[in-house]
Amino acid sequence: DSLSPLVRCIYDKQSSEDLSTQKADLSYFTIADGLVQELILRYLFKTVKFKAVVAEEDVAVDLQKQPFSVGQFKIPENSEIATGIQKACAALESYSKELEMLDKGGTNGVLAKSTLFLDPIDGTKEFVQKKGECCTICIGFSRDGKADAGLVYRPIPPTTTWAAGCSREGFFTSELAEIVDKQHDGDDDDGDCGSGTNTTTTTMKKKKPTFLTPQRVSDFLAKVIDEMEGRKISVGGCGNKALLLLEHRDHWYILDRGLSRWDTCAAQAVLEAQGGRMTKLTSFCPTSLSAADDGDTKDDDAVVEAENYIYEKTDVNLDWNPEVELTRYNARGEFQAEIGNRAADRHRLLPYSNVCGIVAHPRITQESWEKMVDVLKRVSAAVSPKFT
C-alpha cells in the first residue's frame, strides 16, 4: 500500500497536468509507469540480487534530488507528487531492509535463482482513460523459465484489492472483492473494469460462462463464446482480468491477440497458486505450432497437453508461432515495414511478445476444463485464431 497514494495522486492530477505521452508503438506511458518501476527496482528491491530483471519501461528516472525527473517530465519541487515520491521512497527503503534480513535468514537463495518480470502499471491505456479500476501493478518471479510466484495489485480504487501466490510452496493469499451471485439476463456488457469496493454483486438468470475480453474480439473468440453459450464483458488489463477470474469463478479469459511476458508472469503464477491456469491458446489449435524449434509440427490427432510461456531474460522470442501476424506492438524495429504479414521467423518478433494467445481460468472442475478444450479444438479447426 506504500505506492497507492502516489499512484492515486498522479491518476487524479493527469487531467489538469501533462503527465503522459505515447511511445513509438503508440501505446501510452505515464510518469506513474516510470516512477513505480523505479521505486520497486531501486528502492524496494535495492538489496536483492535476482538472476535477471525484465521490466517493461525503458526510461531514465532521477529521484536523487529535486526536481525529480521521469524521462522528459520534470516533477515540480515540493509539489504533491514530489512529496508522494519522497514518502514512497522512505517506506520502500524500510521494506527493503526487511527483505535483506529475510534473505539472510534462510530463503536458500530463492531470489538469486529467480528472474523478476515487472509491469509497473498494467493497463496504462485505462489509466489515461480514467478507468483506474482496470489498472494493476504486476510483480512476477520465474524459476527455470516457469512462472513461479507473483503479486497482482489494484492500487487505485479506494479499497485496494490484490492476490499473491506461489504454487510450488502451496501458498495463496488475497484480499479480493466479495461476490454475491443473483439473477442476470446474460446479455453482453461493457461492464466495469474491476472492483472498487469490497463487495460486488453479480446476477445471472442461469449459469452461463462469462468471457473477459477486449472491446473488439476476433471471429474465432466470438465463435468460442457462441459455442459455450456465454456472454462477454469488455474490460482492460491482463492483471485486472486475472483478479476478476479469482473474484468470479465462472469467468474465462481467452485471447488470440498479443500480450507481453511482464503482463502474464505474475497473473499466471497467482492463478496457478489458486488452482487455475494461464496457458498458451496454441496448445489447442490443430493448425498452430507452439513447438520450441521452428518448423516442428504437431500431430493433429495427438492428445495435446497445455503449454506455458517461457519466462527467461532473452534477446530472441522463445515461444514461436508461425501463424502470428506482425504488428507495431510485436515486431522488432527493423521489421516494422513487414507489419500486416506473418512473421517469417522468431527473430522478427520482440523478445517478450506473447504471440501464442492465452487461455486462463480460476480453479474449475475437470469436466469444465475438458468441455472448453473440446470447444477450442473444434472452433480453431473451423475459424483460425488471429494471433498477433
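Start with the secondary structure: the protein chain has eight helices and 20 strands. Helices (H or I, at least four residues) and strands (E, at least two) are DSSP runs, numbered from the N terminus. The model is predicted: local features need pLDDT of at least 70, side-chain atom pairs count only at pLDDT 80 or more, and totals for chains, interfaces and linings use all residues. Residues are numbered from 1 along each chain as its sequence is written, and side-chain values use heavy atoms, with hydrogens and water left out.

**Whole chain**

Show the surface. The protein chain exposes about 17700 Å², and carbon and sulfur atoms supply 46% of that. Accessible areas come from the Shrake-Rupley method with a 1.4 Å probe; for residues, only the protein chains shown count as cover. Of the 388 residues, 53% count as buried. Buried means under 20% relative accessible area, exposed over 50%, partly exposed in between (1.4 Å probe, protein chains only). Now turn to contacts (heavy atoms within 4.5 Å). Among those between residues at least 6 apart in sequence, 66% join residues at least 24 apart.

**The largest core**

Select Val224, Tyr253, Ile254 and Leu376. These have the most contacts inside the largest nonpolar core, which has 59 residues. Strands E9 (146-154), E14 (210-213), E16 (251-255) and E20 (358-361) each supply at least two residues of this core, as do helices H5 (219-227), H6 (238-247), H7 (261-274) and H8 (366-382). H7 gives the most, with seven residues. A nonpolar core is a set of buried Ala, Val, Leu, Ile, Met, Phe, Trp, Tyr and Cys residues joined through side-chain atoms within 4.5 Å.

Zoom in on Val224. Leaving out residues up to four places away in sequence, Val224 touches Phe211, Ile254, Met372, Val375, Leu376 and Val379. Apart from this core lies another, of 47 residues, including Leu41, Ile75, Ala149 and Trp162.

**H6 against H7**

Select H6 and H7. They pack at an angle of about 10°, with their axes 9 Å apart. H6 is therefore roughly parallel to H7. Angles under 35 degrees count as roughly parallel, over 145 as roughly antiparallel, 65 to 115 as roughly perpendicular and the rest as oblique. Axes are lines fitted to C-alpha atoms, for helices over the stretch in contact, and angles run from 0 to 180 degrees between N-to-C directions.

Show side chains. H6 brings Cys238, Ala242, Leu245 and Leu246 to the contact; H7 brings Asp263, Thr264, Ala267, Val270, Leu271 and Gln274. Now color H6 by accessibility. Ten of its ten residues are buried, among them Lys241 and Glu247.

**Backbone stops**

Go to Pro67, in the loop between strand E4 (61-62) and strand E5 (69-70). A cis peptide bond joins Gln66 and Pro67, with omega about 0°.

Next, Leu26. Its phi is positive, about 75°, although Leu26 is not a glycine. Find Leu26 in the loop between strand E1 (20-22) and strand E2 (28-30). Leu26 counts as partly exposed because its relative accessibility is 45%.

Then Lys130, in the loop between helix H4 (124-128) and strand E8 (136-143). Lys130 also has a positive phi, near 65°. At 34% relative accessibility, Lys130 counts as partly exposed.

**Last stop: Ser69**

Select Ser69 in strand E5. Ser69 counts as buried, at 11% relative accessibility. Not counting residues up to four places away in sequence, Ser69 touches Ala60, Val61, Asp62 and Lys74.
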